[in-house]
Amino acid sequence: GIKVEEPTLAVDFSVNDSPFCGRIGRFVTTRQVRERLMRELEKNVALRVVDTDETDTFQVSGRGELHLTILMETMRREGYEFQVSRPRVITKVDEDGSRLEPYEEVIVDIPQETVGIVMEKLGPRRAEMLDMRSGGLGATRLRFRIPARGLFGYRSEFLTDTRGEGTLNHRFLDYGPWAGPIPGRRRGVLVAD
């Protein structure tokens, strides 16, 4: 059979309760959002939807930021209006009672002159370098093991640091020990549509 990886990331979908509710979307009620999420479960086998204690909020779990972002954008284009929480990793507890979190294998192909800044940025995110190889023509391939939450918000920094010339690929590796605190963004953000 086909093995489906279990979700490693969760966000809360809830009804838009802002003063601008109903100005963009056609589908704005809890029932409409819930029905759409349940329809998605029929074809998206890596997705999980769980009701929460709050009647207008659903915990949606998936395989990563991209997986959940595609669902959000698809629903937005279909006319659904909702708000989402900040993403969070799904942790586990091992037989000894230790907290485990998902780790990703990250492979970056970057110009040689940006190796230092990329390594400097991944260090505080608890990345462990596994391999470094010269790729010729001034390119370098780096391979890391990093907690999944260490990648939150990193892609835009990576593109800036490599002047758009780098590629970053990652995949689920395993669950490992909780890595401790990872610094978040230093500035606030406002997203509006």
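In which loop is Arg163 found? Arg163 lies in the loop between α4 and β10 (167-177), where helices (H or I, at least four residues) and strands (E, at least two) are DSSP runs numbered from the N terminus. The structure is a predicted model, in which local features need pLDDT of at least 70 and side-chain atom pairs count only at pLDDT 80 or more, while totals for chains, interfaces and linings use all residues. Residues are numbered from 1 along each chain as its sequence is written, and side-chain values use heavy atoms, with hydrogens and water left out.

The chain has a mean pLDDT (the predictor's confidence in each residue, from 0 to 100) of 88, and 92% of its residues reach 70 or more.

Arg163 is not a glycine, yet has a positive phi of about 55°. A positive phi, near 70°, is also found at Arg126, likewise a residue other than glycine. Most residues other than glycine have a negative phi. Arg126 is placed in the loop between α3 and β8 and, at 36% relative accessibility, counts as partly exposed; buried denotes under 20% relative accessible area, exposed over 50%, and partly exposed in between (1.4 Å probe, protein chains only).

In helix α1 (residues 30-43), the buried residues are Gln32, Val33, Arg36, Leu37 and Glu40. These residues cover an arc of only 130° around the axis, so they lie on the same side of α1, the arc being that of the directions from the helix axis to the C-beta atoms. Arg31 and Glu42 are exposed on the other side of α1. Packed against the buried residues of α1 are β1 (9-15), β2 (48-51), β3 (57-62) and α2 (65-77), with contact taken as heavy atoms within 4.5 Å.

Helix α3 (residues 115-122) buries Val115, Val118 and Leu122. Viewed down the axis of α3, its buried residues fall within an arc of 70° and therefore line one face of the helix. Their cover includes β7 (99-111), β8 (128-136), β9 (139-147) and α4 (154-161).

A cavity is a set of points on a 1 Å grid over the protein atoms alone where a 1.4 Å probe fits but cannot get out, and lining residues have an atom within 4 Å of a point. The lining of the largest cavity includes Arg63, Glu65, Glu104, Phe152 and His170.

Note on methods. 1 Å grid on protein atoms, 1.4 Å probe; cavity = no way out; pocket = protein on both sides within 12 Å on 5 of 7 lines; lining within 4 Å.
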